[in-house]
Amino acid sequence: MNTNTSKYIPYNCVSGILIKSENHPEYPFFSGTGFYVFFPPYSEIFFVTARHCIYNTEDELLGKIIVPLKRDEAHRDVVPFKEILTSKCIDDHENFEDIAVLVVGELPKEDKGILMARSLHLLHQEDIDKIIDIIMKENENIRTVGFPGVSKEIDYENNEAKMSPRGFHGKINGKGALKNWYKFTCNNWKDGDLAGFSGSPVLELIPLAQDIVMPVPIGIIVTTSNFISINVATNLIATYIKAKGLA
């Protein structure tokens with residue numbers, strides 16, 4: 001895809017994460033990025049992020065997770081979450097996969113429709129493996145969108161949080177040191193470090209027809225030079241769907 005791809009980037013799929021700690025609830029703070037997904041044909045909506053964005057090293061939640069339902073500053077409703085799914089690394093039970101999937105709770109029909117329209121379509125695991133292999137073989141670009149530090153601020157005096165999504169593209173540099181990890185290089189980010197992009201989706205843009213492109217999540221950024229395959233999140237979601245009798 002040689003044309004400018006910015007118009008195909010799903011900026012609406014992401015949200016910054018605010019944490020309100022019990023010790024200092026008057027000073028909420030930003031903690032990375034998350035993005036909405038769904039797994040057809042099921043109607044559940046999920047919010048995927050990096051585990052370290054919401055948990056500390058003692059496996060405790062950093063605080064109350066606040067994700068705004070809408071970006072309109074006039075609306076302060078937050079997304080309800082009814083469960084958090086996490087996983088340990090299959091090969092090393094002392095090592096946690098740095099992924100968390102939050103299950104969106106009950107919402108009015110209109111609000112659920114808003115989130116569904118923002119959600120990315122999850123593909124089956126074998127399809128993702130093939131896509132990543134092709135990207136590496138052909139040296140294609142990967143893309144991401146999220147909320148780095150330069151694009152968000154909190155006005156404590158007026159109790160307002162302002163966020164604006166930003167993106168960059170890069171290359172996959174091969175597999176990482178752990179199972180399901182991949183190394184990447186950022187090619188065009190010029191505004192400081194990548195702090196805040198943790199939990200952002202790694203995207204492949206798949207042409208469906210002339211000027212019609214489907215953005216597909218293939219991974220989740222977890223460090224400034226690594227992402228984890230989206231299959232880790234998809235496995236958690238598939239297990240949840242089966243356990244709840246939704247399949």
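Predicted model: local features only at pLDDT ≥ 70, side-chain atom pairs only at ≥ 80, totals over all residues.
**Entry 1: helix H3**

I went back along H3 from that end. The helix has 13 residues. From first C-alpha to last I get 18 Å, close to the 18 Å expected at 1.5 Å a residue. I then listed its buried residues: Asn231, Val232, Ala233, Thr234, Leu236, Ile237, Tyr240 and Ile241.

**Entry 2: helix H2**

Which residues of H2 are buried? I found Ile128, Ile131, Ile132 and Ile135. They cover an arc of only 95° around the axis, so they sit on the same side of H2. I recalled a rule for this: an α-helix has 3.6 residues a turn, so residues three or four places apart point the same way. On the face of H2 turned away from the buried side I found the exposed residues Lys130 and Lys137.

**Entry 3: H2 against H3**

I compared the two helices. Their axes come within 10 Å and cross at roughly 175°. An angle over 145 degrees counts as roughly antiparallel, which is why H2 is described that way relative to H3. From H2, the contact is made by Gln125, Ile128 and Asp129. From H3, it is made by Asn231, Thr234 and Asn235. Ile128 was already on my list of buried residues in H2, and Asn231 and Thr234 were on the one for H3.

**Entry 4: the barrel**

Next I traced the strands. Six of them close into a barrel in the order E8-E11-E12-E15-E14-E13, with antiparallel pairing. Neighbouring strands of this sheet are turned by 45° against each other on average, direction ignored. H2 packs on the sheet and touches E8, E11, E12, E13, E14 and E15. The direction of H2 makes about 85° with that of E14.

I checked some pairs one by one.

- E11 (residues 166-175) and E12 (residues 181-186) are joined by four bridges. Gly170 stands opposite Cys186 in E12.
- E8 and E13 pair in the antiparallel sense over two bridges. Arg143 stands opposite Leu203 in E13.
- E13 and E14 run antiparallel and are joined by eight bridges. Leu205 has Pro215 in E14 as its bridge partner.

**Entry 5: positive phi**

In the loop between H2 and E8 I found Asn139. Its phi is positive, about 55°, although Asn139 is not a glycine. With a relative accessible area of 47%, Asn139 is partly exposed. Asn180 lies in the loop between E11 and E12. Asn180 is not a glycine, yet its phi is positive at about 75°. At 26% relative accessibility, Asn180 counts as partly exposed. I also noted Asp211 in the hairpin of E13 and E14, with a positive phi near 65°. That hairpin has two residues between the strands.

E2 (residues 29-38) and E3 run antiparallel and are joined by four bridges. Phe35 stands opposite Val48 in E3. Is E3 mostly covered or mostly open? I found it mostly covered, since five of its five residues are buried. The loop between E2 and E3 holds Pro41. A cis peptide bond joins Pro40 and Pro41, with omega about 10°.

**Entry 6: helix H1**

In H1 (residues 109-118) I found Asp111, Leu115 and Arg118 buried. Their arc around the axis is only 60°, so they lie on the same side of H1. The face turned away from that buried side carries the exposed residues Lys109, Glu110 and Ala117.

**Entry 7: Thr86**

Last, I looked up a single residue. Thr86 is in strand E5, residues 81-88. Thr86 counts as partly exposed because its relative accessibility is 31%. Which residues does Thr86 contact, leaving aside its neighbours within four places in sequence? I found Arg51, Tyr55, Ile99, Ala100 and Leu236. Leu236 is also one of the buried residues of H3. The C-alpha atoms of Thr86 and Ala50 are separated by 9.9 Å, and these residues are 36 apart along the chain.

Key. Residues numbered from 1 in each chain as written. Heavy atoms only, no water. Buried < 20%, exposed > 50% of the residue type's maximum accessible area, 1.4 Å probe, protein only. Arc of directions from axis to C-beta. Pairing = 2+ DSSP bridges. Axes fitted to C-alpha atoms, helices over the stretch in contact; angles between N-to-C directions. Contact = heavy atoms within 4.5 Å. Parallel < 35°, antiparallel > 145°, perpendicular 65-115°, else oblique. Expected span 1.5 Å × (residues − 1).
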